Amino acid sequence: MSTVDVVVTGLGATTPLGGDVASTWDAMLAGRSGVSSLTQEWAGQLSVRIAAQIAVDPSEVIERVRMRRLDRSEAMAIVAAKQAWADSGLEGTGLDPERLAVSFGSGIGGAITLLDQDDILEKSGPRRVSPHTVPMLMPNGPAAYVGLEVGARAGVRAMASACATGAEAVALGLDLIRAGRADVVVAGSTEAVIHPLPIAGFASMRAMSTRNDDPERASRPWDKNRDGFVLGEGAGALILERADHAAARGATVYARLAGAGITSDGYDIVQPDPECKGGIRAMSMAVRDAGLTGADIAHVNAHATSTPAGDMGEVLGIRAAVGGHPVITSTKSMTGHLLGAAGALESIATILAIRDSVVPPTINLDDPDERLDLDVAAFKARPLDIPAAMNNSFGFGGHNVALVFTRP
Amino acid sequence: MATREEITSGLGEILEEVAGVNPDDVAEGKSFTDDLDVDSLSMVEVVVAAEEKFGVKIPDNEVQNLKTVGDAVTYIEANA
């Protein structure tokens with residue numbers, strides 16, 4: 001347990017459910033699906049022709065010439081971070097830029113730029129390759145652009161831990177403030193890989209749902225008929241701030257980021273440990289780090305991606321690390337799986353669940369897996385008093401991250 | 001063969017597309033960097049687009065001599 005308290009004072013997001021946090025949260029509480037058919041010509045040849053595409057294209061928010069120089073993942077990171085920054089009210093407060101850091105990641109990075117520029121290289125030759133290619137595809141690009149946007153000078157950290165990236169970026173933000181390296185951290189993650197190559201790669205692993213004729217029902221965590229995850233895109237950003245710093249400026253505080261747990265499985269590069277041992281250690285560590293016990297955790301926003309292999313191990317893990325009492329949900333049933341951005345978006349959902357005393361629903365749970373022995377907020381948002389809640393994220397590579405948020 | 005006015009206007013279109021420059025601001029006396037705010041990476045894009053549009057080769061060692069729109073027009077006029 002740390003003696004330094006860290007709170008969340010700003011939120012931003014651009015997601016398959018909405019162009020900002022408010023519209024995304026409203027859609028979640030209403031149980032709306034953001035999954036739709038891919039109508040692009042390139043989708044015709046794929047076995048997977050559905051995805052959760054962003055509701056508001058970044059080109060509607062960022063001017064055209066700037067968009068030419070940004071990878072889609074960078075553009076979405078900027079959109080989310082600008083919202084969070086504005087929401088925090090920190091602009092113009094005289095915050096020392098040398099006390100402002102960024103911890104922002106992406107699971108895959110600028111893959112679309114890499115592939116598009118490779119097309120240009122093949123068709124038109126090397127001289128036609130854009131001079132903006134490298135800053136567009138470099139994995140630290142989103143973090144660096146967010147840093148430029150807010151003028152951060154206490155370091156810009158780029159996280160990459162596949163589908164745990166967003167949560168791990170938030171966890172690093174917590175560490176940076178506790179260690180005294182920053183007073184404020186813009187933390188989050190972004191992902192934009194709705195493109196035939198990444199889809200073909202995941203599809204070849206048989207990791208994705210092929211429910212092409214029924215997109216809104218394709219993402220169905222814990223349901224017996226789940227057949228894989230649905231790829232989503234988007235970005236989420238959180239302003240993390242030392243609690244006394246936030247109090248001194250009279251900031252509105254959403255929640256406390258009370259603890260984090262990070263472990264690695266040491267088991268397999270992609271298969272989750274069926275006993276969720278690494279996940280259990282991460283969850284237990286996060287609860288301890290928050291100075292709480294499992295009994296204090298009223299709600300868990302689960303990782304549950306809708307894959308046959310992954311979903312049930314986490315249920316075992318929650319029961320072992322936290323107990324059988326929390327009301328759990330998988331908002332991926334509505335947003336699809338935003339890969340590296342999932343942990344950031346789901347942290348936001350967890351924080352708003354605490355604030356509004358309501359658990360967002362898990363849709364499509366028509367026929368629950370027999371091994372699902374925890375209480376899921378199925379189909380409808382569930383009113384619930386939530387003093388503390390957990391968000392889980394697990395990633396290819398065996399990354400496990402659990403975050404604990406509490407009321408301020 | 002394009003006239004100087006046509007080349008200037010063609011460069012204006014490229015500068016608008018690549019760097020968001022108002023084509024009305026594009027005139028022979030204007031410096032790419034000082035007046036039109038075209039940074040070095042965008043200048044690379046302008047050169048490549050101009051090569052395509054005017055059917056001319058502009059070697060890298062020539063680009064540094066093209067300080068103003070007028071310099072570029074003269075080069076394109078002489079080499080197209």
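## Around the second largest cavity

Which residues lie nearest the centre of the second largest cavity? In this predicted model, they are Val4(A), Asp5(A), Arg178(A), Arg256(A) and Ala258(A), out of eleven residues in the lining. The space inside comes to about 40 Å³.

As for where that lining comes from, helix 7 (165–178) and strand 8 (255–264) of chain A each put in at least two residues. Strand 8 of chain A gives the most, with three.

## The largest cavity

Over in chain B there's another hole to look at. The largest cavity has a volume of about 50 Å³, and the search turns up three cavities of 30 Å³ or more. Its lining is made up of Leu11(B), Phe32(B), Met43(B), Val46(B), Val47(B), Ala50(B), Ile58(B), Leu66(B), Ala72(B) and Ile76(B).

What kinds of residue make up the lining of the largest cavity? Ten are nonpolar, with no polar and no charged residues.

## Nonpolar cores

In soluble globular proteins, nonpolar side chains tend to be buried together. Here, the largest nonpolar core holds 51 residues, and the members that touch the most others are Leu11(A), Leu238(A), Leu240(A) and Phe405(A).

Take Leu240(A) and set aside its neighbours within four places in sequence. What is Leu240(A) in contact with? One set of partners is Val6(A), Val7(A) and Val8(A), and the others include Val170(A), Gly173(A), Leu174(A) and Ile177(A). Asp183(A), Val184(A), Val185(A), Ala187(A) and Leu257(A) are also in contact with Leu240(A). There's a second, separate core too, with 27 residues, among them Ala302(A), Leu372(A), Val376(A) and Ala388(A).

## Aromatic pairs

How many aromatic pairs does a search of the whole structure find? The count over all chains is two. One of them joins Phe202(A) and Phe229(A): the ring centres are 5.2 Å apart and the planes sit at 85 degrees, which is over 60, so the pair is edge-to-face. This pair links distant parts of the chain, with Phe202(A) in helix 8 (residues 196–204) of chain A and Phe229(A) in the loop between helix 8 and strand 7 (234–242), 27 residues apart. Both partners are tucked away: Phe202(A) is buried at a relative accessible area of 10%, and Phe229(A) is buried at 4%.

Phe202(A) also pairs with Phe396(A). Their ring centres are 6.3 Å apart and their planes are at 45 degrees, so this pair counts as tilted. The two are 194 residues apart, and Phe396(A) sits in the loop between strand 14 (388–395) and strand 15 (399–406) of chain A. Is Phe396(A) buried, partly exposed or exposed? With a relative accessible area of 34%, Phe396(A) is partly exposed. Put together, the ring pairs link Phe202(A), Phe229(A) and Phe396(A) into a cluster.

How values were computed: Residues numbered from 1 in each chain as written. Chains lettered and ligands numbered in written order. Predicted model: local features only at pLDDT ≥ 70, side-chain atom pairs only at ≥ 80, totals over all residues. Heavy atoms only, no water. Phe/Tyr/Trp six-rings, centres within 6.5 Å; stacked < 30°, edge-to-face > 60°. Helix = DSSP H or I, 4+ residues; strand = E, 2+ residues; numbered from the N terminus. Buried < 20%, exposed > 50% of the residue type's maximum accessible area, 1.4 Å probe, protein only. Core = buried A, V, L, I, M, F, W, Y, C linked by side-chain atoms within 4.5 Å. Contact = heavy atoms within 4.5 Å. 1 Å grid on protein atoms, 1.4 Å probe; cavity = no way out; pocket = protein on both sides within 12 Å on 5 of 7 lines; lining within 4 Å. Points joined across faces, edges and corners; volume = space filled by probe spheres on them. Nonpolar A, V, L, I, M, F, W, Y, C, P; charged D, E, K, R; others polar.
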